[in-house]
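Subject: Structure handover

Hello,

Here is the structure for you to look over. My notes follow below it.

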Amino acid sequence: RVWCLNRDSQGDLLVGTNHGLNVLREDRFHPFTTLENLSQMSIHSLFKDKQDNLWIGTNHGLILSNRSNPGTLVKYTTADGLAGNTVNCIGEDRDGNLWIGTKNGLSRFSRGKFSSFTMEEGLANDEVRYIYEDNEGSLWIATLNGLNRLRDGIITTFSRAEGLSHQLAYCVYEDHQYNLWIGTNNGLNRMSNNQITSLSSRDGLSHNCIYSMAGDEHDTLWIGTAGGGLNRFKGGKFSHYTTRDGLALDVVSAVQVDRSGSVWVGTLGGGLSKLEKGRFTTYTTKDGLLSNTIRYVFQDMTGKLWIGTNNGLVCMENGIFKGFTTGHGLSHNMVLCIHEDAEGTIWIGTNSGGLNRLKNGEITSYTTAVGLYNNTIFKILEDQKENLWMSSSRGIFYVKKRELRDFAEGKLAVVTSESY
């Protein structure tokens, strides 16, 4: 199992797994230098600090690979003051302090010494899973039992007891004033200056279950709900848009504000609605959508709108939809992932049809029959060497983009997959 990825000072890919740390060098994986049988450790996190030192979080402590002396590794455990030996996450604040989230609390490493924070100091739970520093310098700590904020040495817990309307949060959005908006199963919450304000149907929200949020440049918050349609929150007041106003359906799964300020609203079964100048235009399968169930909406670098549906991929340009299914050359209609590379080429991973390349309106398909490692592609990433890395139902692999291009141009009959 792969837990984490990073790059070393030479730019080589580091892969943390259940069975140690590996480095990808010259297209081959090699074991990382061992320390007390590092190859047998589970590597949970990899972090490079501002000095380009590599910190390795394992199930047996924290390990430092110093850039000035990469051949020597230093190990820190509870014997040195670390809160716990199972390290889940690592971060660095603006002052250069290293923060380590463990299964037994949060540790700060400063000037060669550890200090720790646990439930006794106010953490919601000792198991820390995520660390984030905001624009004000506050440290946000996500634990198994709630959210904490650490500022000026004081820990504040945010849960239902502190005013959060529900523990289950579906979406989070930070506005231009750095207010944190949290959409939950039971209302909207705004976190500002350590204070939580909860808004619900009693305050004008049309439905308390919030699925999606987006903001625009005018500090307007757009809120998609699970039955109350689309809400607009501006100046402390809610206004609503439902099917009575022209919205396709009142269950809103995706909200996206495009570059012109129009609001695109994806629904679970009613299609896609566009709100422009106070009026809705709705697009369904009758207009070219492949399904009325919309899962994802995004705008690419050229302004085209790409819509992920249950029945294929749709591109909208200048008000015209173009669908890509098996009838148009797509290898399978169930699209699991989409990647746009720097050249503007769209790569599509499918459920059992392999990889597809969409360039200049033409689709090229790659399956196991022509050398692809697996036909179910969950995720696509591109590295600095122009390799396309893919996760699949059989593990991870990569194919050189040059070979994919040559295949599409008829210069190659098969491609080579390197699997791990």
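One cut-off first: a residue counts as buried when its relative accessible area is under 20%, as exposed when that area is over 50%, and as partly exposed in between. Glu127, at 14%, is therefore buried. Keep in mind that this is a predicted model.

Salt bridges

Glu127 pairs with Arg129 in a salt bridge, at 3.6 Å from N to O. Arg129 has a relative accessibility of 43%, so it is partly exposed.

Another of them joins Glu133 and Arg94, whose closest N and O atoms are 3.2 Å apart. Glu133 belongs to strand 13 (residues 128-133), while Arg94 sits in the loop between strand 9 (87-92) and strand 10 (98-102). The pair therefore ties together parts that are 39 residues apart in sequence. Both ends are partly exposed: Glu133 at 22%, Arg94 at 46%.

Glu409 and Lys411 form a salt bridge too, with 3.2 Å between the closest N and O atoms. Glu409 is partly exposed at 45%. Lys411 is exposed at 58%. There is also a network: Asp341, Glu382 and Lys401 are joined by salt bridges that share partners.

Arg94 leads on to the strands on either side of its loop. How many of the six residues of strand 9 are buried? Six of the six are, so the strand is largely enclosed by the rest of the structure.

Strand 9 pairs with strand 10 in the antiparallel sense, over five bridges. Cys89 stands opposite Gly101 of strand 10. The two strands make a hairpin with five residues between them. Gly96, in the turn, has a positive phi of about 85°.

A second hairpin

Strand 25 (residues 252-257) and strand 26 (residues 263-267) run antiparallel and are joined by five bridges. Val255 faces Val265 across this pair, standing opposite it in strand 26. Five residues lie between the two strands of this hairpin. Its turn holds Gly261, which has a positive phi of about 95°.

Strands of a sheet pair through backbone hydrogen bonds, parallel or antiparallel. Here is one case. An open sheet of four strands runs in the order 5-6-7-8, and its pairing is antiparallel. Which strands stand at the edges? They are strand 5 (43-48) and strand 8 (73-76). Each has a single partner strand, so one side of each is left without a neighbour in the sheet. From one strand to the next, the twist averages 20°.

Strand 5 meets strand 6 (residues 54-58) through five bridges, and the two run antiparallel. Within this pair, Phe47 stands opposite Trp55 in strand 6.

Arg190 and its surroundings

Arg190 is part of strand 19 (residues 187-192). Its relative accessible area is 31%, so it is partly exposed. Which residues does Arg190 contact, leaving aside neighbours within four places in sequence? They are Asn179, Leu180, Trp181, Gln195, Ile196 and Thr197. Tyr173 is 17 residues from Arg190 in sequence, and the C-alpha atoms of the two are 9.6 Å apart.

Is Ser392 buried or exposed? At 9% relative accessibility, Ser392 is buried. Ser392 lies in strand 38 (residues 387-392). Beyond its neighbours within four places in sequence, Ser392 is in contact with Tyr373, Asn374, Thr376, Phe378 and Phe397.

Phe378 turns up again at the surface. Together with Met334 and Leu336, Phe378 forms a nonpolar patch there, with about 260 Å² of accessible area for the three together. Leu336 comes from strand 33 (residues 335-340). With a relative accessibility of 33%, Leu336 is partly exposed.

Best wishes

Definitions and conventions
Residues numbered from 1 in each chain as written. Predicted model: local features only at pLDDT ≥ 70, side-chain atom pairs only at ≥ 80, totals over all residues. Heavy atoms only, no water. Patch = residues over 30% accessible without salt bridge, like charges linked within 9 Å, V, L, I, M, F, W, Y side chains within 5 Å. Areas by Shrake-Rupley, 256 points an atom, 1.4 Å probe, with all protein chains shown as cover. Salt bridge = Lys/Arg side-chain N within 4 Å of Asp/Glu carboxyl O. Buried < 20%, exposed > 50% of the residue type's maximum accessible area, 1.4 Å probe, protein only. Contact = heavy atoms within 4.5 Å. Pairing = 2+ DSSP bridges. Axes fitted to C-alpha atoms, helices over the stretch in contact; angles between N-to-C directions.
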